[in-house]
Amino acid sequence: WSSDNQFYVSDDASLINKTYVHAQIATTYWAKNIPSETMNKAIDNSLCFGVYKKNHQQVGFARMITDEATFAYLADVFIDLAFQKQGLSKLLMGFIKTHPSLQGLRRQVLATGDAHGLYQQFGFTPLNTPETFMELWQPAIYSDE
């Protein structure tokens, strides 16, 4: 629960509003125009977290792509624009950081274009050995261009 007891975080997959999550993610810089079927598949195959108002209205989301043993990738983190600046991203990250399925992992990674300060508060740092990382990146995969 948030400090004012108005918001909470849950990993209960049955609470995720997939239509809402897709609508939010499909407008982001990292997954613009992602098809709803693709987003739903991503949700179904990840450890997901929702941020909710007391009345269970979803206002935020994040997912970990993980084997729950050695590795996790944090993706698709957002707080609805109407609910930002209330500490909800920190509430969400605190919940994720202490989640039992994510303890003892050798590596957790993420990519962000604008929230480095948030993630640094939870122990994330720039890559120690960027020369060992490679990627197959298709940034326009969801576009019609």
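Phe78 is buried, with a relative accessible area of 8%, where buried denotes under 20% relative accessible area, exposed over 50% and partly exposed in between, computed with a 1.4 Å probe and protein chains only. The structure is a predicted model, in which local features need pLDDT of at least 70 and side-chain atom pairs count only at pLDDT 80 or more, whereas totals for chains, interfaces and linings use all residues. Residues are numbered from 1 along each chain as its sequence is written, and side-chain values use heavy atoms, with hydrogens and water left out.

Phe78 is found in strand β4, helices (H or I, at least four residues) and strands (E, at least two) being DSSP runs numbered from the N terminus. Not counting residues up to four places away in sequence, Phe78 touches Tyr20, Val21, Gln24, Ile25, Val59, Gly60 and Phe61, a contact being defined by heavy atoms within 4.5 Å. The C-alpha atoms of Phe78 and Gln57, which are 21 residues apart along the chain, are separated by 15 Å.

The protein chain contains 4 helices and 5 strands, and the pattern read along the sequence is β-α-α-β-β-β-α-β-α. The radius of gyration of the protein chain is 15 Å, close to the 15 Å that the globule rule gives for 145 residues, so the chain is as compact as a globular protein of that length; this radius is taken over C-alpha atoms, and the rule is 2.2 Å times the number of residues to the power 0.38. Along the principal axes, the C-alpha atoms fill a box of roughly 45 × 40 × 25 Å. Of the 145 residues in the protein chain, 37% are buried, and among contacts with a separation of 6 or more, 60% are accounted for by residues 24 or more positions apart.

The largest nonpolar core has 24 residues, of which Leu92 and Ile96 touch the most other members; such a core is a set of buried Ala, Val, Leu, Ile, Met, Phe, Trp, Tyr and Cys residues joined through side-chain atoms within 4.5 Å. The elements that give two or more residues to this core are β1 (7-10), β2 (47-53), β3 (58-66), β4 (71-79), α3 (88-97) and α4 (116-120). Ile96 touches Phe49, Ala62, Met64, Leu74 and Leu102, not counting residues up to four places away in sequence. A second, separate core of 15 residues includes Val21, Ala26, Met39 and Tyr52.
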